[in-house]
Amino acid sequence: MSKHVYTNDEVHELVKKENVHFLRLMFSDLFGTMKSVDIPVSQLDKLLANKIMFDGSSIDGFVRIEESDMYLYPDNSTWLVFPWGEEHGKVARVICSVHMTDGTPFAGDPRNALIDQVKKMEAAGFKSFNIGPEPEFFLFKTDEHGNPTFQVNDHESYFDMEPGDAGEDCRRDIVIMLEKMGFSVEASHHEVAPGQHEIDFKYADALEAADNIQTFKFVVRTIAKQHGLHATFMPKPLSGINGSGMHINMSLFNQEGKNAFYDEKDKMQLSDTAYHFLAGVLKHVRSLTAICDPIVNSYKRLVPGYEAPVYVAWSASNRSPLVRIPSDRGMGTRLELRSVDPTANPYLAIATILAAGMDGLENKLTPAPSVDENIYKMTEEERAEKNIKNLPDTLHNALKDLKTDTVVRGALGDHLYKSFYEAKTREYDAYRQQVSDWERNNYISQY
């Protein structure tokens with residue numbers, strides 16, 4: 001998407017030209033759920049003056065009721081007009097950051113956390129942190145009331161096409177809508193599991209990429225609903241098939257606009273910057289997992305046998321490690337973190353990944369040797385010999401790692417960390433108290 005920063009006059013022109021009647025002011029809660037305040041276009045000047053107030057006490061992870069008044073500051077690079085729903089006049093959206101009544105950025109706004117990390121990266125001499133996400137999702141049929149069922153809408157597999165792929169029309173309409181909204185869609189295809197799809201769009205700088213992920217999810221759900229389907233980004237909605245990930249491709253660019261991860265003289269054509277950054281991500285990845293795989297269900301995906309990463313290792317020559325180095329070099333040199341899933345709050349995920357990598361750079365960390373064989377086929381002893389550790393296998397264990405990681409916690413800040421940790425601990429405790437069908441089926445007769 002274009003990163004043009006509209007002037008206030010240009011915003012007025014856009015609204016008038018497109019016959020916009022309503023403005024949707026969007027922001028993210030602690031868990032990455034997009035929230036919005038809708039206002040009539042008559043309030044545009046008030047918005048552009050940063051005077052739109054809302055009650056923050058009703059938003060997950062924000063504030064207590066006695067300190068609830070907050071302001072929405074629009075980011076003028078995020079204006080767009082939705083290409084649907086014109087019967088009552090068009091709707092334009094802008095993504096906002098949350099500020100306190102004194103004008104300071106709110107420490108509990110995930111978008112502000114990412115902005116802070118980008119500023120630290122820029123202070124270290126880099127121009128941008130480019131992110132190319134690969135979000136996957138499932139399409140399920142809905143019942144007569146429009147509620148989601150657990151029936152997939154096809155029984156196809158990787159790269160299959162119609163007539164078997166009943167999601168083809170829906171996926172095509174999603175792509176059309178994304179392109180109307182300024183996305184540069186690079187690929188769209190059926191994924192491995194029945195009912196599973198992937199749409200890849202062009203990389204962008206960190207903040208824009210996070211905004212794009214949020215917009216993408218909104219469009220996917222909206223268009224799926226129009227097709228009588230339910231789109232879900234739940235990592236593992238069904239047992240026995242592959243889950244949905246959101247691989248994150250990343251690269252740092254220097255002030256001259258060159259890829260700081262590339263060095264043609266190195267054996268692998270990777271720079272010291274790339275190696276240090278990689279080492280930082282690997283060092284902190286167990287605590288990053290709490291942020292990048294933030295729900296109980298995330299850990300049903302992170303198991304052997306379904307292509308998701310389980311072990312902490314990296315490689316340029318196979319797809320089983322946690323971090324893969326794709327074959328592109330030059331401007332396309334990048335690291336691909338394969339553990340992230342699409343339930344992650346993209347602002348927090350990208351902020352903490354960036355902080356981990358920058359810690360590796362600051363301390364000149366060196367990664368362990370690459371693992372160029374299939375880790376899934378190794379024995380436990382062989383993995384131990386190569387010092388290959390496991391990712392956390394539950395949300396509870398990931399939170400334990402997060403609790404002791406000052407770098408990742410620092411990227412969140414005290415407010416976001418405490419809110420996140422407390423909420424996710426409650427979530428895991430609630431899950432732990434439930435008795436599943438699997439337990440009843442396996443134990444009730446035996447014991």
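Helices (H or I, at least four residues) and strands (E, at least two) are taken as DSSP runs, numbered from the N terminus. The structure is a predicted model, in which local features need pLDDT of at least 70 and side-chain atom pairs count only at pLDDT 80 or more, while totals for chains, interfaces and linings use all residues. Residues are numbered from 1 along each chain as its sequence is written, and side-chain values use heavy atoms, with hydrogens and water left out.

The secondary structure of the protein consists of 12 helices and 18 strands. Along the principal axes, the C-alpha atoms fill a box of roughly 70 × 55 × 50 Å. The radius of gyration (taken over C-alpha atoms) is compared with a globule rule of 2.2 Å times the number of residues to the power 0.38. For 447 residues a compact globule would have a value near 22 Å, and the protein agrees, at 22 Å.

The largest pocket holds about 920 Å³ of space. A pocket is an open set of points on a 1 Å grid over the protein atoms alone, where a 1.4 Å probe fits, with protein on both sides within 12 Å along at least five of seven lines; lining residues have an atom within 4 Å of a point. Grid points are joined across faces, edges and corners, and the volume is the space filled by probe spheres set on the points. The lining comprises 42 residues, and E134, H247, N249, R324 and E336 lie nearest the pocket centre. Two or more lining residues come from each of β7 (126-142), β9 (185-190), β10 (196-201) and β13 (246-254). Of the elements, β7 gives the most, with six residues.
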